[in-house]
Amino acid sequence: MPTLNEEKGIGKTIDSINKDFFGKNNWELEIVIVDGDSKDKTQEIAKKKGAKIILEKRKGYGRAYKTGMSQVTGDIVVTGDGDATYPFDKIHNYIQQLLDENLDFVTTDRFAELKHGSMSVKHAFGNIILATVLRVLFLINIRDSQSGMWIFKKEALDKIQPLEDFNDGMPFSEEIKIEMFTTKDVKSKEILSTLRPREGKIKLESFRDGWKNLKFLFKKRITP
Ligand SMILES: Nc1nc2c(ncn2[C@@H]2O[C@H](COP(=O)(O)OP(=O)(O)OP(=O)(O)O)[C@@H](O)[C@H]2O)c(=O)[nH]1
Ligand SMILES: [Mg+2]
């Protein structure tokens, strides 16, 4: 989980993981946050709840994931924001589905069940435009191009472009989907999921980040 001043949501996010299920299945669980040098109690809370903290002072959502993914040790990686929006209470089911269907990469469709107040109309509209452009440019059938919860086998990272080539900002989210879905021997799928209202302050600037994400899609399409 990338975190930047998420003291209001990080505890709830970690607590929601069904640790009993992991225990019963003998699945080892490592909780990792990649923190952008939060000035609030994010690190303290995460540590108290058993998470490993990776400090990444360089800015950016993608930068945090690049650093985190290069250091995690598990066979399966699950990602998501530390703001209590993504259903970490369901990740054991998502992992089970990944295993049962022998998938390499799963991304979640938040639009399947958007909880009241989880996404503004402006934000949802922007998401629809971005997903449409992504589908047209890359011929990938994805409904939610900006979802930040992915479940994947770590070895899938070896089959796509090197982590360091990824975008350091918000476009990381669409870029990892493009990479996974367009790589032939990576079996990818989008599954139905949900989104809940955020705890704490939003880091995203709708128009600035939306525009950046859109420009990124065109740039990625034309650069080999
Ligand atoms: N380490 C690190 N984390 C970041 C940075 N920017 C954002 N994050 C985290 O990345 C996640 C996504 O950012 P959000 O502000 O939730 O963006 P969003 O999910 O598009 O917007 P919401 O719908 O309001 O949740 C959150 O957990 C942030 O704390 C950063 O520069 N460094
Ligand atoms: Mg968020």
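This is a predicted model: local features need pLDDT of at least 70, side-chain atom pairs count only at pLDDT 80 or more; totals for chains, interfaces and linings use all residues.

Me: In which sense do strand S2 and strand S3 pair, and over how many bridges?

Reply: As a general idea, strands of a sheet pair through backbone hydrogen bonds, either parallel or antiparallel. Here, S2 (residues 32-35) and S3 (residues 52-55) run in the parallel sense, with 4 bridges between them. For a landmark, find Ile 33, whose bridge partner in S3 is Ile 53. To get from S2 to S3 the chain passes through helix H3 (residues 42-48), making a right-handed β-α-β crossover.

Me: What is the strand order in the open sheet?

Reply: The order is S1-S2-S3, 3 strands with parallel pairing. S1 and S2 are joined over 2 bridges, and Pro 2 has Val 34 of S2 as its bridge partner.

Me: Why is one side of S1 and of S3 left without a neighbour in the sheet?

Reply: Both stand at the edges and each has a single partner strand, so one side of each has no neighbour there.

Me: Now the ligand. Which residues come nearest to ligand 1?

Reply: Pro 2, Gly 36, Ala 64, Asp 81 and Lys 203 do, out of 21 residues around ligand 1. S1 (2-3), S2 and helix H4 (61-71) each contribute at least two residues to that shell. By class, the shell holds 7 nonpolar, 6 polar and 8 charged residues.

Me: And the core: which residues touch the most other members of the largest nonpolar one?

Reply: In soluble globular proteins, nonpolar side chains tend to be buried together. In this model the largest nonpolar core has 37 residues, and Ile 33, Ala 46, Phe 105, Val 106, Trp 150, Ile 151 and Phe 152 touch the most other members. Helix H7 (residues 172-182) supplies the largest share of this core, 5 residues.

Me: What should I make of phi at Asn 26, near 55°?

Reply: Most residues other than glycine have a negative phi. Asn 26 has a positive one despite not being glycine. The residue sits in the loop between helix H2 (19-24) and S2. Asn 26 counts as exposed, because 6 other C-beta atoms lie within 10 Å.

Me: Ala 84 has a positive phi too, near 65°. Is Ala 84 buried or exposed?

Reply: Ala 84 is buried, because it has 23 C-beta neighbours inside 10 Å. Look for Ala 84 in the loop between strand S4 (76-78) and helix H5 (91-100).

Key
Residues are numbered from 1 along each chain as its sequence is written. Chains are lettered from A and ligands numbered from 1 in the order in which they are written. Two strands pair if DSSP finds at least two bridges between them. A crossover is right-handed if, with the strands pointing away from the viewer, the path from the first strand over the helix to the second runs clockwise. A residue is near a molecule or strand if its C-beta atom, placed from the backbone, lies within 6 Å of it. Ala, Val, Leu, Ile, Met, Phe, Trp, Tyr, Cys and Pro count as nonpolar, Asp, Glu, Lys and Arg as charged, and the others, Gly among them, as polar. A nonpolar core is a set of buried Ala, Val, Leu, Ile, Met, Phe, Trp, Tyr and Cys residues joined through C-beta atoms within 7 Å. A residue is buried if 20 or more other C-beta atoms lie within 10 Å of its own, exposed if 12 or fewer, and partly exposed in between; C-beta atoms are placed from the backbone.
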